[in-house]
Amino acid sequence: MNFISTRGGEKVSGAKAIVQGLSSNGGLFVPEKFPAVTAEEMQAMLEMNYPERATKVLMKYLDEYDEKELLAACEKAYGQFEGNDPAPLVRLDDGVYILELFHGPTCAFKDMALTVLPYLLRKGCDLCGIKEEILILVATSGDTGKAALEGFKNAEGIKIMVFYPDDGVSKMQKLQMCTQEGNNVNVVEVKGNFDDCQSAVKTIFNSSEYAKILKDKNVLLSSANSINFGRLAPQIAYYFSAYLDLVSSEQIQMGEEIDFSVPTGNFGNILAAYYAKNMGLPIRRLHCASNENKILTDFLATGEYNMNREFYKTTSPSMDILISSNLERLLFEISGRNAELITKRMNELKEEGVYKITEEERQKIAEVFTGGYANEDEVVETVYDVFCDVGYTMDTHTGCAMKVAVDWFEKNKKDNTLMVVVSTASPYKFPQDVLYCVTGNDVKDSFKGIKRLHAATAMAVPKSLLTLRDKPVRFTKTAKAANLFDEVLAFVEK
Ligand SMILES: *Cc1c(COP(=O)(O)O)cnc(C)c1O
């Protein structure tokens, strides 16, 4: 299958789209058309395990890859997850399920894609005949960085460099990244918030001058951010898998429509659900959940995307984002794949921080997407309520999605459609905040938080977080957003 740019002018193979990350005019790669999954294929997938299902979904887009090899890569990737199911469904209540996507090596849903991406990228380079060394640059709001470092550590012919904002990641996230092992990794703290950090990395990607400097050193840039189609594709798989699990456990019948509520930041996770729907998965509505940074809630309600607003630091830092990059892919579809219009709007966003879609487009989006958000008090309230009512502990990001789901049922009392709330992080990844939600207690130390949260909930603590405490800190460098390329060069020349 070929991929085209949301800003026009480019058509490349899947392998090329993954290696390149972003199209040369700054657009995002999207499939030329959505591949369909037939009723027979759905039936066959019922019997499969997670890596087999993921392989089937990936092959729909990446047909130049070798299916057997891809299956082996998926088995290896998901073999690192704790427990025997990488994406288990937990029943909370009648018609309400949690899809737990945090059992991977770094305890957040980013692992679902970033454990597979190294293979997709390595093989992609081979398929494209690329001989240069690959340098992956990642801007992270916390979870992507660690998952990417873990996925790519010691990968052959690939170096990885992660930038995180000094103002915005949790202590646990920072510790996870700064203690990263591996001989090809580097981590730099950037002054500012996530949007500053992401913009600075995007500037490097978009500069032909920088590209030339690196090419002379035999280095090619690539990205592991959720704008890379190689991130998106493995995420489509868990929507299929969750649906199939509901069918095989007889909670729904094949063909019955369901809803998902998704904690959203960069719009990558929820966009994967939209892609699954476009491939034929029976999804009725997608509930797009934000925290106090509710730019998407406002956009879905008014059609105006306006970044000129206050930025809040919340207890769900991975959603503290005002530039939801993957929204561009949705806008592309909704506009009837109008690359010119998308280019115009993205330029408006860059220059004025705002664009507006037509009312017709807004309504088209509203046929599928519902927007909602939780403020900080509501997150605490929701996490506490669920803990009290059914004894289930969720993290603060998932709390936002739960709140939006609860609001939906409040407003639509007779709705019988099954709701799956997507859980994106282990409660132990944000132990102090979750402890506060379930007990009202504050602790300063993350590991004390873990201990007390365990005492309060009896939930098993992920091994990877327990061992963190004894690991030496390897990375302590801080840089200004304007100077990131110097850091890149220093790392390349090392
Ligand atoms: C990344 C992340 C999100 C947001 O996902 P997007 O794909 O960026 O919308 C939500 N929750 C957690 C825990 C995350 O790590």
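Helix H2 spans residues 39-46 in this predicted model, and Met42, Met45 and Leu46 are buried within the helix. Buried denotes under 20% relative accessible area, computed with a 1.4 Å probe on protein chains only. Helices are DSSP runs of H or I with at least four residues, numbered from the N terminus. Viewed down the axis of H2, the buried residues fall within an arc of 110°, so they line one face of the helix; the arc is taken from the directions from the helix axis to the C-beta atoms. Helix H3 (50-61) and helix H11 (229-248) are among the elements that cover these buried residues, where contact means heavy atoms within 4.5 Å.

Rings of Phe, Tyr and Trp (its six-membered ring) pair if their centres lie within 6.5 Å, and planes under 30 degrees apart count as stacked, over 60 as edge-to-face and the rest as tilted. The count comes to 14 aromatic pairs. The ring centres of Tyr50 and Tyr78 are 4.9 Å apart and the planes are at 80°, so this pair is edge-to-face. Tyr50 belongs to helix H3 and Tyr78 to helix H4 (residues 67-79), so the pair ties together parts 28 residues apart in sequence. Tyr50 is buried, with a relative accessible area of 5%, and Tyr78 is buried, with a relative accessible area of 5%. One aromatic cluster is formed by Phe3, Tyr61 and Phe229.

Residues are numbered from 1 along each chain as its sequence is written. The model is predicted: local features need pLDDT of at least 70, side-chain atom pairs count only at pLDDT 80 or more, totals for chains, interfaces and linings use all residues, and side-chain values use heavy atoms, with hydrogens and water left out.

Conventions: Buried < 20%, exposed > 50% of the residue type's maximum accessible area, 1.4 Å probe, protein only. Helix = DSSP H or I, 4+ residues; strand = E, 2+ residues; numbered from the N terminus.
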